[in-house]
Amino acid sequence: MARIVYRQLIRGGFEAEIMEFWLNEKHTDGYAVSWKFSETLYTERTDYQHLAVIDTLEFGRALVLDGIVQTTEKDEFIYHEMIAHPAMMTHPNPQKVLVIGGGDGGTIREALRYQSVTRADLVEIDEKVIWACRKYLPTISSALSDSRVRILVEDGLKFVRGKENYYDVILVDSSDPIGPAVGLFGKEFYRDVYNALKEDGILVAQTESPVFNRELLSGVHSTIREIFPITGTYLTAVATYIGGFWSFTCGSKKYDPLAVIPDPDKLKDMNLKYYNAAIHQACFALPNFVKDLFE
Ligand code: AG3
């Protein structure tokens with residue numbers, strides 16, 4: 001789906017040469033978004049994907065994988081708070097957390113805000129993503145140095161296979177369902193995640209845009225509903241993702257996120273910029289066009 005076009009427009013003049021750099025982020029055959037950027041901080045074709053960190057005019061530095069913006073300094077907090085806190089607040093005592101994907105470190109940073117967490121494993125297939133984010137996106141990746149973090153450069157699919165009854169919360173922070181991430185949207189994987197969770201564990205997976213990836217979202221929702229006794233899809237709006245809305249799907253073995261009122265004392269110390277108790281309840285309210293996907 002994605003194709004990378006880094007365009008360089010050169011306007012010649014007698015006194016100065018002005019160069020403009022644009023990333024053309026192509027989403028479908030009929031839809032692309034253009035980002036003006038001032039500098040390419042890093043670029044490499046890794047074993048898994050094309051990786052770049054660019055400095056954009058509107059959103060600060062951005063991590064770009066296979067031509068798709070994954071996260072930006074300016075709005076990363078929305079996605080990272082929303083992938084982590086609904087599950088972390090629903091679980092009364094999350095101690096062992098697993099993040100699959102999420103090599104930029106933003107998701108694990110949010111999970112580590114909970115003092116109950118004693119161990120946070122990050123399983124990322126592409127070590128170059130971790131390396132580049134540590135170097136160029138420190139505000140997102142800094143928590144990777146927390147002593148509770150164990151970084152495993154591995155395929156998340158293989159990592160969860162055979163794990164049993166170990167994690168309290170598993171957060172799947174994958175890229176789009178192309179290339180290395182495809183399997184992270186499949187039934188076998190969610191079954192393995194179910195088994196890797198303790199008897200009261202909770203899964204949250206990022207499940208893409210309900211506008212552009214309708215079939216995917218509806219498929220994942222019904223798969224998770226088959227596997228977990230409690231399922232809930234919730235929405236947020238990420239400024240730099242396509243289609244306005246962004247979805248996450250939760251599968252829970254015991255605790256119902258909707259029955260939970262987040263603890264104000266825990267929230268107070270976290271100084272979050274997006275998530276709060278009202279958002280926790282409200283994010284599960286779905287517009288009809290999204291509800292219809294789950295019928
Ligand atoms: N992971 C999900 C990004 C998906 C963006 N896709 C898109 N815009 N088509 C982001 C990683 C952040 N830790």
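In this predicted model, a backbone N or O atom of S174 lies 3.0 Å from a nitrogen atom of the ligand. Taken alone, the ligand exposes 390 Å², and 98% of that area is buried by the protein.

| Residue | Protein atom | Distance to a ligand nitrogen atom |
|---|---|---|
| S174 | backbone N or O atom | 3.0 Å |

There are 13 residues around the ligand, and those that come nearest are H80, D104, D173, S174 and D176.

**Helix α6**

Helix α6 covers residues 187-196, and its buried residues are F189, Y190, D192, V193 and A196. Viewed down the axis of α6, these buried residues fall within an arc of 160°, so they line one face of the helix.

**H50**

H50 belongs to strand β4, which runs over residues 50-56. Is H50 buried or exposed? The relative accessible area of H50 is 10%, and the cut-off for a buried residue is under 20%, so H50 counts as buried. The H50 side chain also has a polar partner: it makes a polar contact of 3.2 Å with the side chain of T43.

**Overall fold**

The secondary structure consists of ten helices and 13 strands. Along its principal axes, the C-alpha trace spans about 70 × 45 × 35 Å. How does the radius of gyration agree with that of a compact globule? For 295 residues, a compact globule would have a radius of gyration near 19 Å, and the protein has 19 Å, which agrees.

Buried residues make up 54% of the 295 residues. Among contacts with a separation of 6 or more, 65% are accounted for by residues 24 or more positions apart. The accessible surface of the protein comes to about 13000 Å², and carbon and sulfur atoms hold 49% of it.

Methods:
Residues are numbered from 1 along each chain as its sequence is written. This is a predicted model: local features need pLDDT of at least 70, side-chain atom pairs count only at pLDDT 80 or more; totals for chains, interfaces and linings use all residues. Side-chain values use heavy atoms; hydrogens and water are left out. Buried means under 20% relative accessible area, exposed over 50%, partly exposed in between (1.4 Å probe, protein chains only). Helices (H or I, at least four residues) and strands (E, at least two) are DSSP runs, numbered from the N terminus. The arc is that of the directions from the helix axis to the C-beta atoms. A residue is near a molecule or strand if one of its heavy atoms lies within 4 Å of it. A polar contact is a pair of N or O atoms within 3.5 Å; within protein, one must be able to donate a hydrogen and the other to accept it, and residues adjacent in sequence count only if both atoms are side-chain atoms. Accessible areas come from the Shrake-Rupley method with a 1.4 Å probe; for residues, only the protein chains shown count as cover. The radius of gyration is taken over C-alpha atoms; the globule rule is 2.2 Å times the number of residues to the power 0.38. Contact means heavy atoms within 4.5 Å.
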